[in-house]
Amino acid sequence: MKSTENGWDEIELYHDLQQAGLIPVHGDFFPAVHYPPITRYAPLTEEEAYAGFQLPENNTFDIYVHIPFCLKRCIFCHYPSKYNAPDEEKDRYLEALKGEMNLFLQRIGANRIRTRAILIGGGTPTDLTPKQLEYFLQYFTERAPVRDQVQFNYDVDPNSLIGPVGLERLKLLKDYGVNRLTIGVQSLNDPILKGMNRAHTAAEAIESVNNSLEAGFKVNIEFIFGFPGQTMDIWNEDIRLASTLNTDEIQLYRLKYEPYGDQVGIIKNYREKKQDNLVSVEETLRMKRSAIRILAEQGYLENLRRVYTRSKDNISRYAYNQCCRLLDQVGFGQTAFASYHDRFLLNPFSFEEYYGAIDSGRLPLNRGIVRSLSEQMRWSIILPLKNYYLPKKLFYRRTGHYLEDTPFISIIHRLIDMGLVEESDMNYTLTEQGAFFADEVTEAFYSHDYIPFPESDYLPGPLNPYNNDPGDVIYDQAARSN
Ligand SMILES: C[S@@+](CC[C@H](N)C(=O)[O-])C[C@H]1O[C@@H](n2cnc3c(N)ncnc32)[C@H](O)[C@@H]1O
Ligand code: SF4
């Protein structure tokens, strides 16, 4: 690759990685959020899911709660949610959630969960009346007490934090120990927000950010780039404006056309029908690079993948614990997941199935995986390498083997040769170029069955994930210690 005045050129690197067989020929991407990807988990009963399960060290968990309600359906969104649901339906859901927490406490033989970090997401978990919000916060914090120093995050849309009701919700959140808000601003351009079918204007998004900062929350704001109709000028202006809002964190998402869970967003269909208005892959990559430069000038650096902060302390502890430290996390709610040190369990997509299980006294999980040793190895490489860096010791602790002794080391060496990964005494880390294509780079470790696109989409270069898969490696299980 030719170097430029900026060190390297993102479009040339993109083409080089296509030639190397790492990026598919159409350039689309699939986020390496979980491994294996959520839609690929097989059915599992509660007994199978918890067979041989050992409680984590100190009995401590990170917690996710899914509250699947929103005012309206955004065009880009693949998250499962119900839109404009009546209050009675939300009451029913909140009761079921409480029941699920009780069942989990029975399962682990405790009357409280020791919590490390908490994320309440959805949907829009503030799309509740203040009375419902307080009811939830009360029973949740009784069962999962919020100790000092616990990062308690709510993932919300701006519309729920403005006007008198928005201020009432903010006060309730504060009273119950919530200390961090992630606000989906998405864009600060009104025509783009309208195109996304968002329930707020740019001015309202700014109002929600200011209300949250004034109320004393740490604030993270989220943006999407590559959305149809977005130009480089619009995007650059969004990011410049975002960096003046003085939030603790700014998170950038490349538009995902492909769903990564069971729900398929409207955007997938849109891509097939309205091809003229789409932003090309090349322009999307230029938008990302441009935003990184603007944010760096304002002191925001990528301290966790696609998360830009002025201080490392501001990153999401929930994401850091789950993806970088590979610690145990439990999830409650429809489609919520538990990511444990040796297994991954998933709740149902169907509300009927979710309610049915809880009503009959069973935990509502219905799919998952107790990882084989080789899947454990892949998982232990992919998540930390993609999101932060991979400490050699962490790989050993999670697998009982030295990475250097496994077949995956040859993939690491190939990535080092391509300038995408670097090695130090203690760690493997993505280089600046590797980090720019972090999802694709870490997909080099996927097993054949889970590679996001078909074999015909990749050129036969040295990083082609189909050619590099060492298959199911067999080790002496006795060596493993989690
Ligand atoms: C659970 S979602 C939404 C949270 C909140 N309900 C909202 O609307 O602001 C979390 C974030 O994922 C991002 N996101 C959702 N769908 C996306 C897609 N198809 N492509 C890229 N980013 C997406 C958005 O930035 C969003 O704020
Ligand atoms: S982006 Fe947020 S508000 Fe929009 S549909 Fe998805 S979860 Fe709901």
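How many residues of domain 1 are in contact with how many residues of domain 2? 14 residues of domain 1 are in contact with 14 residues of domain 2, contact being defined by C-beta atoms, placed from the backbone, that lie within 7 Å.

## Basis of the model

This is a predicted model, in which local features need pLDDT of at least 70, side-chain atom pairs count only at pLDDT 80 or more, and totals for chains, interfaces and linings use all residues. Residues are numbered from 1 along each chain as its sequence is written, while chains are lettered from A and ligands numbered from 1 in the order in which they are written.

## Domains

The protein chain is divided into domain 1 (10–29 + 372–467) and domain 2 (38–324), with bounds that come from an automatic or database domain assignment. The C-alpha centres of domain 1 and domain 2 are 27 Å apart.

On the side of domain 1 that touches domain 2, the elements that give two or more residues are helix H1 (10–19) and helix H13 (373–387). Helices (H or I, at least four residues) and strands (E, at least two) are DSSP runs, numbered from the N terminus. H13 gives the most to this side of domain 1, with four residues. By class, the side of domain 1 that touches domain 2 has nine nonpolar, two polar and three charged residues. Here Ala, Val, Leu, Ile, Met, Phe, Trp, Tyr, Cys and Pro count as nonpolar, Asp, Glu, Lys and Arg as charged, and the others, Gly among them, as polar.

## Ligand surroundings

Ligand 1 is surrounded by 19 residues, the closest being Asp157, Gly184, Glu222, Tyr253 and Lys256; a residue is included if its C-beta atom, placed from the backbone, lies within 6 Å of the molecule. Strands E5 (114–122), E6 (151–156), E7 (180–186) and E8 (218–225) are the elements that give two or more residues to this shell. Its classes are eight nonpolar, seven polar and four charged.

Around ligand 2 are Cys70, Arg73, Cys74, Cys77, Tyr79, Ser81, Gly122, Gly123, Thr124, Asp157 and Gly184. The shell around ligand 2 has four nonpolar, five polar and two charged residues.

## Helix packing

Helix H3 (residues 87–108) and helix H4 (residues 130–143) pack at an angle of about 0°, with their axes 11 Å apart. Axes are lines fitted to C-alpha atoms, for helices over the stretch in contact, and angles run from 0 to 180 degrees between N-to-C directions. H3 and H4 are therefore roughly parallel, a term for angles under 35 degrees.

From H3, Lys90, Asp91, Leu94, Lys98, Met101 and Leu105 meet Gln132, Tyr135, Phe136, Tyr139 and Arg143 of H4. The residues of this contact divide into six nonpolar, one polar and four charged.

## A three-stranded sheet

An open sheet of three strands runs in the order E16-E18-E17, with antiparallel pairing; two strands pair if DSSP finds at least two bridges between them. Strand E16 (390–391) and strand E17 (421–423) stand at the edges, each with a single partner strand, so one side of each has no neighbour in the sheet. E17 pairs with strand E18 (residues 427–430) in the antiparallel sense over three bridges. The bridge partner of Glu423 in E18 is Tyr428.

## Backbone exceptions

Most residues other than glycine have a negative phi, and most peptide bonds are trans. The peptide bond from Tyr35 to Pro36 is cis, with omega near -10°, and Pro36 is found in the loop between H1 and strand E1 (42–43). The bond from Gly122 to Gly123 is also cis, with omega near 25°; Gly123 is found in the loop between E5 and H4.

Asn84, although not a glycine, has a positive phi of about 55°. Asn84 is found in the loop between strand E4 (82–83) and H3.

Methods. Two residues are in contact if their C-beta atoms, placed from the backbone, lie within 7 Å. Angles under 35 degrees count as roughly parallel, over 145 as roughly antiparallel, 65 to 115 as roughly perpendicular and the rest as oblique.
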